Amino acid sequence: MKILSLFVLPCFAAEATYKIWWYSSGRSRIPFLGNVYVSDVIACMLELCSWLYRTSVFFLMCVLFRLICHLQILRLQDFARVFQVESDVEAVLKEHLRIRRHLRIISHRNRVFILFALMIVTASQFASLLSTTRSRADVNIFTAGELALCSMTLVAGLLVLLRSATKITHKAQAITCIAAKWHVCATIDSFESNDPADTPRIQIGGGGGGGTPRPFPSGANDESDGSEAGDEDDDVDNTRLIPAYANSTISFHKRQALVIYFENNRAGISVYGFMLDRTSLNTIFMIEMSLVLWLLGKTIGIS
């Protein structure tokens with residue numbers, strides 16, 4: 001409710017201010033109740049109620065979708081902790097299949113809304129751009145103000161939808177990186193533990209013996225790198241090494257099969273087969289920009 005109020009109330013305040021100014025300036029003179037002032041007050045209240053209802057319903061759907069995605073992100077963060085403890089491959093696989101199923105259900109239940117929101121917002125914005133940039137357009141504060149407020153609400157809701165879908169897709173696909181890192185750490189640890197004691201080793205160190213310094217020092221720098229990574233690091237997106245708990249109970253082939261499964265079965269939010277990730281977001285932006293430039297080239301001559 002707090003997020004919904006954060007989006008709706010500022011837009012409603014701007015819309016109410018604009019409508020009150022619009023009616024008080026004398027742009028509407030339809031005395032359908034006999035009295036001009038009473039008619040304007042009633043018409044203004046009805047328009048504001050209609051706008052508030054339409055905008056609240058649209059933003060409510062966007063906020064609910066954002067909440068669902070945030071809950072799934074919390075679940076993915078909890079799932080990422082299985083690689084930090086001794087876990088069974090079968091249990092990890094079953095949990096990932098359950099997460100993929102839930103994400104597929106979320107995609108199927110919201111794909112129509114996401115697709116229609118993208119199409120309606122795109123069509124409305126291009127209609128607004130065409131009506132304000134054509135050669136015989138009558139552009140003034142009365143018409144441009146309404147278009148600006150409507151565009152702000154629609155674009156803000158669409159950005160909430162796309163950002164939520166892109167974020168959960170990125171988190172779901174980051175599980176592949178964690179599984180690969182888990183596999184590498186466990187393999188390295190198993191090789192180090194299986195080395196015989198009499199195997200000759202090359203002395204690499206930067207002490208007083210004149211040895212060659214290590215090209216990639218480890219130790220204290222790992223903590224500093226983790227602290228400089230920013231607030232985006234969590235159990236899903238991080239650059240920390242994973243303790244190798246798997247080498248004693250899970251074989252190399254099982255870990256390799258799990259990593260290959262993650263690489264070929266990426267989870268996330270999709271719309272009719274198209275995954276909503278950062279690449280898709282960049283593609284949508286470039287298509288929208290190309291259409292805008294094409295329309296401006298047809299109306300005001302930008303080439």
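**A tour of rings, cores and one loop**

Searching the whole structure gives five aromatic pairs, where rings of Phe, Tyr and Trp (its six-membered ring) pair if their centres lie within 6.5 Å, and planes under 30 degrees apart count as stacked, over 60 as edge-to-face and the rest as tilted. This is a predicted model, in which local features need pLDDT of at least 70 and side-chain atom pairs count only at pLDDT 80 or more, while totals for chains, interfaces and linings use all residues. Residues are numbered from 1 along each chain as its sequence is written, and side-chain values use heavy atoms, with hydrogens and water left out.

Select Tyr-18 and Trp-21. Their aromatic pair is tilted, at 6.2 Å centre to centre with 40° between the planes. Both sit in helix H1 (residues 2-24), and because they are three residues apart there, about one helical turn separates them. Helices (H or I, at least four residues) and strands (E, at least two) are DSSP runs, numbered from the N terminus. Tyr-18 is buried, with a relative accessible area of 10%, whereas Trp-21 is partly exposed at 37%. Buried means under 20% relative accessible area, exposed over 50%, and partly exposed in between (1.4 Å probe, protein chains only).

Next, select Phe-58, Phe-59 and Phe-113, which ring pairs link into a cluster.

Now go to the largest nonpolar core, which has 39 residues. A nonpolar core is a set of buried Ala, Val, Leu, Ile, Met, Phe, Trp, Tyr and Cys residues joined through side-chain atoms within 4.5 Å. The members that touch the most others are Phe-65, Phe-83, Leu-103, Leu-258, Phe-262 and Ile-269. At least two residues of this core come from each of helix H2 (36-80), H3, helix H4 (141-194) and helix H6 (252-264). H4 supplies the largest share, twelve residues. A second, separate core of five residues includes Ala-16, Tyr-23, Ala-43 and Cys-44.

Select Ile-106 in helix H3 (residues 89-133). Ile-106 is buried, with a relative accessible area of 9%. Leaving out residues up to four places away in sequence, Ile-106 touches Phe-65, Ile-68, Gln-72 and Ile-269; contact means heavy atoms within 4.5 Å.

Move on to Ile-269. Beyond its neighbours within four places in sequence, its contacts include Phe-65, Leu-103, Ile-106, Ala-165 and Phe-274.

Finish at Tyr-272, in the loop between strand E1 (270-271) and strand E2 (274-275). Its phi is near 55°, a positive value in a residue other than glycine. Most residues other than glycine have a negative phi. At 45% relative accessibility, Tyr-272 counts as partly exposed.
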